[in-house]
Amino acid sequence: MNMQRPVRIWYVAAQRLCNFSCDYCVSTGEWAKSNRQDWRTEQDRDDFAAIVDWIGTRPFPVDVRLGTLGEPFASPVFLDRAAWLTRQPGVRFVELLSNASLLQRRLPKLEATANLGKLSLWLTWHDGQMPLDKFIAAARFAQDTYGCFVVVNTLLFADHDTTTITAVKAAADAAGLRFNVDLGYDPSVPSDTETGTDTTAAVPVLRTGGDVLAAVAACGGDPELTQAALVGLTSPQDRACRAGSDYVFIDIHGDLYRCSRYAALGRHRYGNVLDPNFDLQLRENTWAPCEAASGCANKEDFLNLRLAEHLRPTVVGGARAGEARDAVYARAGAAAARARTFILVNRTEQLRKGGRLSSAAAFFGSELVTKPLLHLVEGKLELREKVRTRSRAYAKLVAAAVDAAGRDGAALGVQHLGAAEAAENIAAQLREQVPDVEELHVTEFGPTLGVHLGVGALGVLVVPGGCA
């Protein structure tokens, strides 16, 4: 495998102590949470420490989601190993899922032993378990005092939940906190079956037959993320997925799989990380067809589907990676120096009038070709190629970007003005043709650029080698 490519690892530990009592908790059965017991056995605790050691000593960069059955901030043992993990040079960030109730007591104690700038906190609001004002205060404390990457997370179980979730959204916005809406799941619905999952049974909000995407939008959530969740839950089979290439799942026992859905099905186990002879061999090709008929319900899994790639979170900025300001600046400057920009416009007259393009280039662009393909040369837009037809222009744009990306991976961005369908088509071709895409974003040009480029403009930004 490419040892420079970051690997995302989701590990669920056997820690089970929790100070909340939520009847919809997905930690059930043999591995149910407890209000009294932190670890079921000393072996569970020792295995956890050994698995964390394995994760923190990989010869490649890792992004870690450290999950538990209970509340992580209720467990001193768990926090000690999580703190150790944040100090490892190969670990880019450590993500914890918490109810936020203990943050203001525990984070000050962790400051001496952890790199809290590497800590990512997904804080789920549990209605009736904690006052909202105290929840928001704790989330803001983690973000503003210690520089943690914080997301306020909510769970949508029924249409009437939208009122409460909207209030949480408003409070998060007022405090300057990130916000997310996830679908709530019924923990009593079996998930380890090969024949498929009854979506209506598994997702309570679907039982009324209402428009779940509209409900999510009404709460301030992302309907596109919800749509990807529903596809993963109902029909992931044969869809291209990157799990097993730069993402893996480790279960409570240390068994490693492509994803948590494969773990539930007992399919394609790589081995056990507690085995001293275990050697992780990940797939070189980014994409492979998913073999699960349904039940890909966790966002850590379904965001690896190609259809959700543009929704897949990336490490952005230095605060989350725990870097100093100067290091962030240097890394950004290095990426900018490598970047290549290609732009396709309908006409160059607006660029010439605005002084963004030389008169000669504008003449060749407006008089001789239908679709001028431009590129940025030493800070100036120059005509790269004369292209007469729209289809050929798109092909030339893709070819230029693929050539600039090289063979060692790249970060990509596709921008457009009033040409969303064409931009998505360009992005799909780049995903197919560029090896090891680190990240790819599709966005609209802002108004400052848009007024000069004109409607129908398309651009591709390429950072060879990626930004990380």
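Predicted model: local features only at pLDDT ≥ 70, side-chain atom pairs only at ≥ 80, totals over all residues.
Residues are numbered from 1 along each chain as its sequence is written, and side-chain values use heavy atoms, with hydrogens and water left out.

**Overall picture**

- You're looking at 17 helices and 17 strands (DSSP runs numbered from the N terminus: H or I of at least four residues for helices, E of at least two for strands).
- Of the 468 residues, 54% count as buried (buried is under 20% relative accessible area, exposed is over 50%, partly exposed is in between, with a 1.4 Å probe and protein chains only).
- Take the contacts (heavy atoms within 4.5 Å) with a separation of 6 or more: 73% of them link residues 24 or more positions apart.

**Helix 3**

- Helix 3 runs over residues 103-110, and its buried residues are L103, R106, L107 and L110.
- Seen down the axis, these buried residues fall within an arc of 100°, so they line one face of the helix (the arc is that of the directions from the helix axis to the C-beta atoms).
- Their packing partners are helix 2 (76-86), strand 3 (91-98), strand 4 (119-124) and helix 4 (132-146).
- Turned away from that buried side are the exposed R105 and K109.

**Cavities**

- The whole structure has 3 cavities of 30 Å³ or more (a cavity is a set of points on a 1 Å grid over the protein atoms alone where a 1.4 Å probe fits but cannot get out; lining residues have an atom within 4 Å of a point).
- The largest cavity comes to about 110 Å³, a volume being the space filled by probe spheres set on the points, which are joined across faces, edges and corners.
- It has 15 lining residues, with C241, A243, C259, Y262 and C290 closest to the centre.
- Helix 9 (260-265) and strand 11 (288-289) each give two or more residues to this lining.

**Positive phi outside glycine**

- D238 has phi near 70°, sits in the loop between helix 8 (223-234) and strand 7 (240-241), and is exposed at 62% relative accessibility.
- D436 has phi near 50°, lies in the loop between helix 16 (420-433) and strand 16 (437-444), and is partly exposed at 21%.

Key
1 Å grid on protein atoms, 1.4 Å probe; cavity = no way out; pocket = protein on both sides within 12 Å on 5 of 7 lines; lining within 4 Å.
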